[in-house]
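Please take a moment to look over the sequence and the model shown below.

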Amino acid sequence: WGDVGGSDPSPSFTTLTDGATVTWATSGAKVNNATVTLAGNRTLSITGAVNGQTGVLIVKQDSTGGRTLALPASSKVINGASTTVTPTAGANKVDILSYIYDGTNYWWTIGNNYA
């Protein structure tokens, strides 16, 4: 495949740092994969987004669970869902969020409760 649009077509998952704002620095790469474990209610910030970019985010609850994640401004969620995601609430539960960015909006699809 070689270099596709300046990024590896199957990049490894980056572990994001948990904090009040979880920042996902994409550096203009067209394809991005990341994972984060939430230890509180958080806000997601994506930096360096470019038109046509896609990403997959694995969201894990900590051992307490019940955490929420507010998506970046200009986010649109499948079926008109809220842009504050309530991942599967139980301790250590896992959800997968994927997006495509069109230069204006992030278009999100959310898969809940992976076992």
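**A guided reading of the model**

This is a predicted model, in which local features need pLDDT of at least 70 and side-chain atom pairs count only at pLDDT 80 or more, while totals for chains, interfaces and linings use all residues. Residues are numbered from 1 along each chain as its sequence is written, and side-chain values use heavy atoms, with hydrogens and water left out.

Strands (E, at least two residues) and helices (H or I, at least four) are DSSP runs, numbered from the N terminus. Two strands are said to pair if DSSP finds at least two bridges between them. In general, the strands of a sheet pair through backbone hydrogen bonds, either parallel or antiparallel. Here, four strands form an open sheet of mixed pairing, in the order E2-E4-E6-E8. The edges are taken by strand E2 (21-25) and E8; each has a single partner strand, so one side of each is left without a neighbour in the sheet. Within the sheet, strand E4 (residues 42-47) and E6 run parallel and are joined by two bridges. Thr43 has Ala70 of E6 as its bridge partner.

Attention may now turn to charged side chains. Side chains of opposite charge can pair when their charged atoms come close. A salt bridge is counted when a side-chain nitrogen of Lys or Arg lies within 4 Å of a carboxyl oxygen of Asp or Glu, and the count by this rule comes to two. One of the salt bridges joins the side chains of Arg42 and Asp18, at 2.7 Å from N to O. This pair links distant parts of the chain, 24 residues apart: Arg42 belongs to strand E4, and Asp18 to the loop between strand E1 (14-15) and E2.

Exposure is described by relative accessible area: buried means under 20%, exposed over 50%, and partly exposed in between (1.4 Å probe, protein chains only). Arg42 is buried, at 16%, whereas Asp18 is partly exposed, at 26%. A salt bridge also connects Arg67 with Asp62, whose closest N and O atoms are 2.8 Å apart. Both Arg67 and Asp62 are buried.

Two loop residues complete the reading. Ser74 lies in the loop between strand E6 (69-70) and strand E7 (75-77). Its phi is near 70°, a positive value in a residue other than glycine, and Ser74 is partly exposed, with a relative accessible area of 38%. Asn92 is placed in the loop between strand E8 (84-85) and strand E9 (94-101). Asn92, likewise a residue other than glycine, has a positive phi, near 65°. Its relative accessible area is 52%, and Asn92 is therefore exposed.
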